[in-house]
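I opened the model and kept notes as I went. The entries follow in the order of looking.

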Amino acid sequence: MSSEVRWKICWENELEASDHAELADFFCKTYGPTGAFNAKPFETGRSWGGARPERRAIAYDSRGVASHMGLLRRFVRVGTTDLLVAELGLYGVRPDLEGLGIAHSVRAMFPVLRELSVPFAFGTVRHAMRNHMERYCRDGTANMMTGLRVRSTLPDAHSDLPATRTEDVLVLVVPVDRPMTEWPAGSLIERNGSEL
């Protein structure tokens, strides 16, 4: 991203109502083109889709929000191992800046990951993002894993829907305080909550 971008790393409780409104608008415009349903959670001014992040990295430029990444510490179960991770999600880059984002977002968030002393950061992306993720993982900062399923709760309870869903997604793992060789074996990751 250009040098005109400034990053704000903040706790969730540091955001004002105006910040949430600006982020909700950003997510509607960023996620809307990928499918009308993808923008729906943000149409009411809410700035999170499933689980609410605990920290955010927000990039601003002269036009407003340029990029965003959320973080939530949680335990996941990989195979039979419970593992503390920092889940990374709510990633977005303003459409006019596409191609300039995820690496910058993770770099901006990395000092927070170190501060939180989590062994790994973890995130999921749809298979359509594979080429983008492969380019990002090329330098070894992150590892893309395939052939895994991730089970999550739905963000809202509905009497006519199951309480959970299992998805075949790409898993992104960033080693923080442990080497990648210590990531547990297993083909199913239990998120034990809603996706960030």
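**Entry 1: Lys-8**

I began with the accessibility of Lys-8. It counts as partly exposed, at 27% relative accessibility. That figure comes from a predicted model, as do the others in these notes. I placed Lys-8 in strand β1, which covers residues 6-11.

Next I looked up what Lys-8 touches. Setting aside residues up to four places away in sequence, I listed Leu-15, Asp-19, Arg-56, Ala-57, Ile-58 and Tyr-60. I then took the pair Lys-8 and Ile-58.

**Entry 2: the whole chain**

I stepped back to the fold. I counted 4 helices and 10 strands in the protein. Along the sequence they run β-α-α-β-β-β-α-β-α-β-β-β-β-β. The radius of gyration is 16 Å, close to the 16 Å of the globule rule for 196 residues, so the protein is as compact as a globular protein of that length. I also took the extents of the C-alpha trace. Along the principal axes it spans about 45 × 45 × 30 Å.

How much of the protein is buried? I found that buried residues make up 46% of the 196. For the accessible surface I noted about 10,000 Å². Carbon and sulfur atoms hold 50% of that surface.

I checked contact range as well. Of the contacts between residues at least 6 apart in sequence, 70% join residues at least 24 apart. I noted 24 positive and 25 negative side chains, and the centres of the two sets lie 2 Å apart.

**Entry 3: the largest nonpolar core**

I went to the largest nonpolar core next. It has 22 residues. Which of them touch the most other members? They are Leu-71, Leu-88, Met-109 and Leu-113. I then asked which elements give two or more residues to this core. They are β3 (64-78), β4, α3 (102-116), β5 (120-125), α4 (130-137) and β9 (170-175). Helix α3 gives the most, with 6 residues.

I followed Leu-88 out from there. Beyond its neighbours within four places in sequence, Leu-88 is in contact with Met-69, Gly-70, Leu-71, Val-106, Met-109, Leu-113, Ala-121, Phe-122, Gly-123 and Leu-196. Three names on that list, Leu-71, Met-109 and Leu-113, I had already written down for the core.

I stayed with strand β4, residues 81-93, and picked Val-85. Is Val-85 buried or exposed? I read a relative accessible area of 0%, so Val-85 is buried; the cut-off for buried is under 20%.

I listed the contacts of Val-85, leaving out neighbours within four places in sequence. They are Leu-72, Arg-73, Arg-74, Val-76, Val-118, Phe-120, Phe-122 and Trp-183. For Val-85 and Leu-72 I took the C-alpha separation, 8.2 Å. The two are 13 residues apart along the chain.

Leu-90 is found in strand β4 too. The angle is near 50°, a positive value in a residue other than glycine. Leu-90 is buried, with a relative accessible area of 6%.

**Entry 4: Asn-192**

I looked up another positive phi. Asn-192 has one of about 55°, although it is not a glycine. Where does Asn-192 lie? I placed it in the segment after β10 (188-190). At 68% relative accessibility, Asn-192 counts as exposed.

**Entry 5: Asp-168**

My last stop was Asp-168. It lies in strand β8, residues 164-168. What does Asp-168 contact, apart from neighbours within four places in sequence? I found His-127 and Leu-148. I also took the C-alpha separation of Asp-168 and Gly-147, which is 7.2 Å. Along the chain that pair is 21 residues apart.

Technical notes
Residues numbered from 1 in each chain as written. Predicted model: local features only at pLDDT ≥ 70, side-chain atom pairs only at ≥ 80, totals over all residues. Heavy atoms only, no water. Rg over C-alpha atoms; globule rule 2.2 N^0.38 Å. Buried < 20%, exposed > 50% of the residue type's maximum accessible area, 1.4 Å probe, protein only. Contact = heavy atoms within 4.5 Å. Areas by Shrake-Rupley, 256 points an atom, 1.4 Å probe, with all protein chains shown as cover. Lys, Arg positive; Asp, Glu negative; His and termini not counted. Charge placed at Lys NZ, Arg CZ, Asp CG, Glu CD. Core = buried A, V, L, I, M, F, W, Y, C linked by side-chain atoms within 4.5 Å.
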